[in-house]
Each structure stands twice: as structure tokens, then as C-alpha cells.
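Me: I'd like a close look at one part of this model, a sheet and what goes on around it. Could you take me through it strand by strand?

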Amino acid sequence: MSDHGFAKGEAMKQVTLTIDGRQVEAPTTATVLQAAKSAGIYIPALCHDERIKPFGACRVCMVEVTKGKRTRLVASCCYPVEEGIVVKTDTEKVKKIRKLVAELLWPAALPLALELGVTSSRFSAPRGECSLCGLCVRYCDEVKKQNAVYFEGRGIDRELAFVPGVKVDCRACRECFDLCTGGWIMNEASKAFE
Amino acid sequence: MTKLNSAKDLAALRERLTTTHKRPDRCVAVCSGTGCLATKAQVCADAFATELQRQGLAGEVELRRTGCYGFCERGPVVVIQPEDVTYLGVKASDAAEIVESTLNQHQVVERLLFKDDHGTRLQHLNDIPFYKYQTRLLLDANTRIDPKRIDDYVANGGYSALSKALFEMKPEEVLAVIKHANLRGRGGGGFPAGTKWETTRKAPGDIKYVLVNADEGDPGAYMDRSLLEGNPHSILEGLIIGAYTIGACEGFIYVRQEYPLAVTNTLIALDQAREYGLLGRNILGSGFDFDVTVHRGAGAFVSGESSALMTAIEGRVGQPRPKYIHTSVKGLFDRPSNLNNVETWANVPLIVNRGSDWFRSMGTENSKGTKIFSLVGKVVNTGLVEVPMGITLRDIVYKIGGGIRGNKKFKAVQTGGPSGGFLPESLLDLPVDFDDLWNNGSMMGSGGMIVLDEDNCMVDSARFYIDFLAHEGCGVCVPCREGLRQSLHILNNIVAGKGREGDIELLEELCDLLTNASRCALGTSASFPVMAALKHYRDEFEAHIRDKRCPARVCADLIQYEIDQQKCVGCPLCAKSCPTKAIHGTPKKPYSIEQSLCIKCGACHQVCPAKVQAVLKVPALAPRATTVS
């Protein structure tokens with residue numbers, strides 16, 4: 001599972017890529033999102049956290065990458081850096097995707113929506129308070145190794161749920177509460193562990 | 001079974017099976033594919049066994065339970081060999097007569113033969129229009145072998161391609177043949193198999209895998225099932241050749257749990273191949289080791305996506321990986337893994353045996369060989385058809401399919417499974433070709449082909465596919481999960497007469513998001529049904545939204561049923577069929593429908609005799625207010 005793992009200790013081989021017109025150096029193991037961050041270039045993201053593996057779910061961090069003659073839209077949190085690629089983080093296409101994603105998640109990811117200038121949604125079946133970004137699930141699994149929360153169902157029926165009979169008390173841990181993009185985990189934990 | 005230790009042993013076995021140990025020439029072949037089993041082929045075959053015994057023919061006439069013939073709609077299919085007399089819709093009660101007349105007296109049973117448009121009875125399989133225009137390279141063997149007997153496969157030349165590859169060709173040479181043949185993936189993408197094989201072959205790593213994708217889940221499609229059920233060894237032989245070429249030590253067949261017969265026949269095939277030494281250590285004494293495991297899918301459509309399939313085999317939830325590295329480099333257990341569809345693998349032995357030039361002689365510039373389609377919907381003849389690439393959609397629909405049922409007007413053909421697009425009448429002369437279909441807003445997909453007529457509403461059809469995809473995606477990424485959820489909501493509103501101005505544009509925006517931002521191919525292609533429907537049938541969307549009218553009179557909320565008082569003869573059929581007792585009247589006088597009680601199930605419309613046709617579907621006076629979730 002070390003595909004896009006992060007450089008640890010030893011001197012890593014470096015590559016040079018262009019992000020928004022700037023030459024950026026990054027270790028071969030880095031993702032475009034990490035490379036941008038290290039160069040102080042901001043790419044918005046919802047489901048990303050440095051402590052856990054990239055998930056590629058929210059698509060807010062989409063950027064345009066040109067490699068040779070081919071330009072494509074990719075999720076920068078998952079896309080590995082490569083020598084010579086040209087990345088644009090703020091094109092019209094990219095902005096359109098981010099705004100529409102925020103609109104689709106409305107009102108679950110309110111801070112991000114407001115940051116992107118989205119103040120309402122044209123969609124009449126609102127998402128609710130959970131964006132299914134999975135930060136809590138993945139944090140609980142990968143960092144806390146507790147697996148108290150999980151995804152239930154698939155497709156549009158996918159929902160978050162507490163694993164029945166789990167031994168940890170989420171109200172005592174609370175570590176993922178701050179990660180939550182919509183406030184679901186805090187509200188539900190207090191109900192589930194009463 | 002004795003183990004075969006060399007190419008010579010295999011050749012000797014084949015020699016024996018075709019001479020001294022040859023099975024009788026005379027044979028009753030009963031289709032025992034899932035389609036025919038559903039129409040009691042098993043009972044039928046048992047009846048033949050009894051009859052052959054009773055009429056003293058058991059020794060000289062073989063009863064062979066074969067794989068799928070493709071003409072499932074008219075099953076059970078029974079073919080008498082070597083005369084090639086084909087009987088359709090055979091019942092157990094017909095067995096005595098067939099054995100008596102055809103086998104004992106060499107007379108055909110006329111009433112069980114195919115009757116063409118002019119009323120002529122056709123005797124032979126290939127005289128039947130459904131078969132006449134096909135090129136059955138892969139499906140043909142289904143009719144000649146018992147899938148549970150490896151000897152049948154070997155007697156028909158089976159495993160000769162493997163022997164040729166192992167002893168007469170280097171892996172590079174096999175690769176060159178597959179590349180030159182330009183065999184493209186039959187599972188959907190149409191990616192060149194040779195290129196994929198080469199990437200896996202060249203990828204660093206000692207342990208490599210080859211995999212068969214038999215997670216066929218498209219609504220109405222069953223090409224792969226029939227191949228696995230009917231001729232599992234052809235896929236296995238292709239897989240072993242692929243493993244030898246790529247340098248893989250282990251293979252996996254990912255097959256749906258919902259295909260019990262395919263699972264059974266595959267497991268039997270693996271056991272028999274192992275006993276003959278065609279799998280396992282030192283295959284045919286060549287020094288090449290390879291074995292195969294069957295993995296049964298747990299029932300998620302999305303597991304057919306390559307990285308999801310591999311994740312599922314690893315024992316985790318089958319959802320696509322968020323990676324930009326090909327599975328041919330890092331796939332199953334992070335090792336180089338080559339995944340091909342059932343049909344792609346089945347083509348491999350044919351190409352190795354007959355050469356790439358032979359394969360290239362069929363098809364178009366960039367699509368070679370044949371393709372199996374599951375032809376269903378409003379055509380006269382439905383079933384599995386194998387056609388050469390380059391044949392027009394019109395030929396498939398009209399020559400093989402026999403045209404539209406009940407003299408209705410053709411409206412669209414939907415190809416490529418749930419994420420394929422609709423192609424209208426004006427595109428019927430399009431050749432079956434990976435690129436041509438793609439460039440026209442549809443795709444080859446794995447081979448689903450659903451024909452729609454004037455009675456199909458295109459908004460409702462698009463809604464059906466979006467509903468399928470919305471529930472069958474993994475649900476990880478926002479564009480696919482939320483995009484499809486809102487698309488479905490909008491489409492549900494439109495068919496319920498609650499569409500609004502701007503809905504079409506919103507749908508288009510969502511399609512754009514799906515295509516550009518989804519995490520895997522399920523999402524990026526999920527926009528096809530809506531995009532194609534909007535491109536070719538925009539007027540139907542507009543009629544639903546602006547006029548609250550369903551031109552095809554399908555959408556229940558926009559129509560109502562009425563009884564023509566002039567035409568109604570007063571038979572009580574409609575009143576009897578009505579589940580809500582909304583139809584009132586007295587026999588021999590015209591009946592009438594109480595609209596407030598009607599749930600628009602259409603039962604009255606169906607039972608009203610064709611001669612009378614008094615029950616009419618008319619536009620609803622006022623759209624019903626129904627709640628749409």
C-alpha cells in the first residue's frame with residue numbers, strides 16, 4: 001500500500017513539474033496535491049487528510065494535468081507526480097466541477113461551498129448533513145485502528161453507520177469530530193452511545 | 001483419466017477420441033443452457049434418454065446435453081445429428097415422436113420445425129434466418145460439445161492451440177500474433193488485448209496474474225454466461241495461453257455467484273483439465289506451471305470494473321481503487337495483473353490456431369473478428385447472436401432479429417449495457433465497430449443490444465438506466481453518487497409530469513460532471529443514456545416537461561385508460577382483470593373506467609382482445625399528483 005506513500009527519512013529521488021506556471025520539485029512518491037502544498041499552492045479538497053490514505057472521493061481537488069500532448073482532469077490527491085507534467089489548478093473546467101460538487105453536497109459541506117462561492121443549491125433532493133467524505137471512517141480505521149464507523153450499502157443508498165456492538169465510545173475519543181465536514185458524526189455519536 | 005505428459009500424448013488422446021473411442025455419429029443434442037433449462041430442457045433430455053432406451057437406440061444414438069444455442073426464446077432447442085434437423089420449443093412429450101419418426105424412420109416432425117414468414121418449415125439450423133446471417137466462431141462449439149466432458153472439447157480440436165503455443169512458439173511469438181490480430185477487449189472498453197498483455201509481461205515483478213472477468217451484470221445480457229456454461233475449456237485454454245505469454249503463475253476466474261451453472265461447469269472443467277495435466281505443475285511436460293482459482297462474485301455490478309474486481313478477490317469490498325496506475329502494472333495483491341473478459345479469452349485459442357491473418361480477415365479497419373450480442377427487446381427473434389464486426393445494426397435488427405414485433409415502428413437500439421447510449425433509426429446503418437459506436441454516443445460494451453419500438457418512452461428508458469446505475473455504483477465519489485441521485489430525481493419528476501424548465505440543462509450539466517470528474521469508468525460512462533436520449537429524442541423530454549404529455553403513452557402519470565364506448569363489445573374481461581375494481585358495467589353493454597380508482601396498471605389494455613381494442617391509452621386530462629421521492 002505504498003504507492004502514493006509519503007517520503008520517509010531517506011533521500012528520495014526528485015522530479016520537477018510545473019504547477020500554475022511555477023517549477024516545483026517533489027519526491028517521486030508524492031502526489032500532485034502534496035507537491036502543490038509544499039510549494040504553497042492551494043488546492044481545495046474535502047475528503048483529504050495527510051494522516052490517512054488518499055481516497056479520491058470528493059473530486060474537489062481535481063486539476064488539469066498535461067502529459068505530453070494529452071490533457072486530462074485528475075484528482076490531485078491520488079495522481080502521482082511525474083517529471084515534466086504541467087498542472088493547472090484553477091482552470092474554468094476545474095472551477096465548474098468544484099462548484100457543482102459543492103452544490104450537490106449542499107448543505108453537507110457548507111464551509112467549502114461558501115469558500116467556493118456557492119451560496120445555494122439548484123437541486124431539490126438535498127444531501128443531508130453527511131457528505132460521505134469518509135474522513136471519520138478512514139481515520140478510525142487507519143489511525144485509531146478501531147473501526148467504529150463504516151459505510152453501509154452502495155450507490156445512492158450508501159450511508160454511514162456505527163458498527164454494531166463496537167467497544168469504543170466515540171464520545172470519549174472525539175478525534176474524528178473535528179474532521180467531519182457536515183457535523184454528522186458528532187450528532188449521531190451522541191445518539192448512538194447514549 | 002491418465003495424465004498427458006507431452007504434446008504427443010494429447011495428440012494420441014485426440015486420435016483415440018476421434019477413431020477407436022469415437023462417440024456415435026448419431027446424436028440427439030439437447031440444449032442445456034440456462035435459457036433452455038428454464039423451459040424444462042432437463043425434463044426433455046431425460047425423456048429422450050428414456051425413449052432411446054425404450055426404442056432400443058441407446059447404444060447407437062448419443063444423448064448430448066450441450067451448451068447454449070442462443071435461440072433461447074424458442075427453446076428448448078433439440079438438434080438431431082448428423083442430419084442437422086433442428087426442433088424448437090420441444091417438450092418432454094415430443095421425445096417419443098421424435099425418436100420414433102426422425103431417428104427410427106428418418107422422417108422429420110414438421111410441427112416442431114421453424115416456420116418462416118411464408119409459412120415454409122425450415123429443417124436445418126443454418127437455414128433459420130436467426131442463424132443464417134451469423135458467423136458463429138465461438139458459439140458454434142457450444143452446439144457440438146457437452147461442457148461437462150473435456151473429451152468432447154479435445155475431440156473437437158481443443159487444447160491444440162495450447163500445445164502449439166507451448167511447444168512451437170515462444171511467448172514473444174504468441175504475443176506478436178495476438179497483437180497483429182488486433183484482438184480488442186470484449187468486455188466494454190475495447191482496449192487492445194495484445195497491448196495489455198505486453199504491459200503486464202514487461203511490468204517488473206516475479207509473480208503475475210491473469211484473470212477472467214465473468215462478472216457480467218448488464219440488464220438483459222448473458223453472452224459470457226453462455227460461453228462459460230457451454231464451453232468453459234475454450235476460455236480456460238485462452239487463459240493458459242495468456243499466462244504462458246505473460247509469464248503468470250496463477251489465474252483467477254471471477255464469476256457471478258448468480259450464474260450457478262457457469263460456476264459448476266467451470267469447476268468441472270478445471271478439475272478435468274488438472275487430471276489431464278493441462279493445469280498445474282509442468283503442463284503437458286513443457287515445464288510451465290499454472291493453476292486457476294474460481295472466485296465467486298458477491299453480487300455487485302461495480303465489481304466488474306477491473307480494480308474493483310481485484311479488490312474483491314483480495315477479500316475486501318469490491319469498489320474501484322482511486323489510482324492512476326494500471327492494474328496491468330499494479331493489480332491483484334499489487335502485482336502485475338492482466339484482466340480480460342470471457343469472450344476475449346475465448347478468442348485466443350482460435351487466433352493461435354488459425355493465425356492472425358485469418359482473424360484480421362473479418363471485421364473493419366480497427367475492429368476484427370466477431371462479437372456476440374444479446375439481442376433482446378422488441379424484435380421478433382431474440383437471443384444470443386454472434387456477428388462479424390462491421391455488420392450493420394440494421395442487419396442485426398431486421399435480418400437476424402426478424403424486425404420489430406407486431407409491425408410496430410422501430411425507435412431505438414440501445415447497445416453497450418446500462419451505460420451505453422440509444423441509437424436512432426438514422427444511425428441504423430452504422431457498422432458494429434468499437435470506434436463507430438463510441439463516436440456516435442454509444443458503445444460496444446460487453447454486447448447488450450436492446451431494441452425499442454414506438455411504444456417505448458425514451459425519457460422513461462433513460463430513467464431506467466440511471467436508476468440501475470445509481471443503485472449499482474459503489475457510491476464513493478460525489479459526481480457518480482450525488483450526480484446520479486439528482487439525475488434520477490429530476491428524471492422521476494419529468495416522467496411524473498413535474499418537470500420544470502431548466503431540467504434539461506441541469507441534466508446536461510450533471511452529465512458533464514459525470515464524464516469529467518467520476519472516479520471510475522462506471523461513473524464516466526453513466527452519462528451516456530441521458531446524453532444520447534437528449535441528443536436524439538429531445539422533443540420527448542420537452543413534451544413531458546412543457547406539455548405534460550408522454551408521446552409514447554408509457555409514463556403512468558401522464559396517461560389515462562378509457563374504454564371506447566363504440567368499440568366495446570361488453571365482454572367482462574377488463575373488469576375481471578382490474579385489481580382495483582375501477583371498471584364498471586354489465587355484460588354485453590359497454591364498460592367504463594372510474595378514473596379516481598384507476599392505478600394505471602394497464603391490465604385492461606392487455607386483456608382487451610386484439611380484434612376489439614376498445615381500451616385506449618389517452619393523454620391524462622390533468623397530471624396526477626403523486627409523490628416522488
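Which residue in β2(B) does B:A29 stand opposite?

Reply: B:A29 stands opposite B:R64 in β2(B). Before going on, some bookkeeping: residue numbers start from 1 in each chain as its sequence is written, while chains are lettered from A and ligands numbered from 1 in the order in which they are written. Also, this is a predicted model, with local features needing pLDDT of at least 70 and side-chain atom pairs counting only at pLDDT 80 or more, while totals for chains, interfaces and linings use all residues.

Back to the strands. "Strand" here is a DSSP run of E with at least two residues, "helix" a run of H or I with at least four, both numbered from the N terminus; strands "pair" if DSSP finds at least two bridges between them. Strand β1(B) also pairs with β3 (residues 78-81) of chain B, this time antiparallel over four bridges. There, B:V28 has B:I80 as its bridge partner. Residue B:I80 turns up again, standing opposite B:V85 in β4(B), where β3(B) and β4(B) make an antiparallel pair with three bridges.

Put together, that's an open sheet of four strands in the order β2-β1-β3-β4 of chain B, and its pairing is mixed. Strands β2 and β4 (85-87) of chain B are at the edges with a single partner strand each, so one side of each has no neighbour in the sheet. On average, neighbouring strands are turned by 20° against each other, ignoring direction (axes are lines fitted to C-alpha atoms, for helices over the stretch in contact, and angles between N-to-C directions run from 0 to 180 degrees).

Now for two helices of chain B, α3 (residues 41-54) and α4 (residues 95-104). Their axes come within 8 Å and cross at roughly 45°. That makes α3(B) oblique to α4(B), given that under 35 degrees is roughly parallel, over 145 roughly antiparallel, 65 to 115 roughly perpendicular and the rest oblique. On the α3(B) side the contact takes in B:C44, B:A47, B:F48, B:E51 and B:L52, and α4(B) brings B:A95, B:A96 and B:V99; contact means C-beta atoms, placed from the backbone, within 7 Å. By class, that's seven nonpolar, no polar and one charged residues (Ala, Val, Leu, Ile, Met, Phe, Trp, Tyr, Cys and Pro are nonpolar, Asp, Glu, Lys and Arg charged, the others, Gly among them, polar).

Helices α20 (residues 503-517) and α22 (residues 528-536) of chain B pack at about 140° with their axes 9 Å apart, which makes α20(B) oblique to α22(B). Here the crossing is left-handed. Residues B:I504, B:L507, B:E508 and B:C511 of α20(B) meet B:V530, B:M531 and B:L534 of α22(B), giving six nonpolar, no polar and one charged residues.

Key:
A crossing is left-handed if the near helix is turned anticlockwise from the far one by less than a right angle, and right-handed if clockwise. Two residues are in contact if their C-beta atoms, placed from the backbone, lie within 7 Å.
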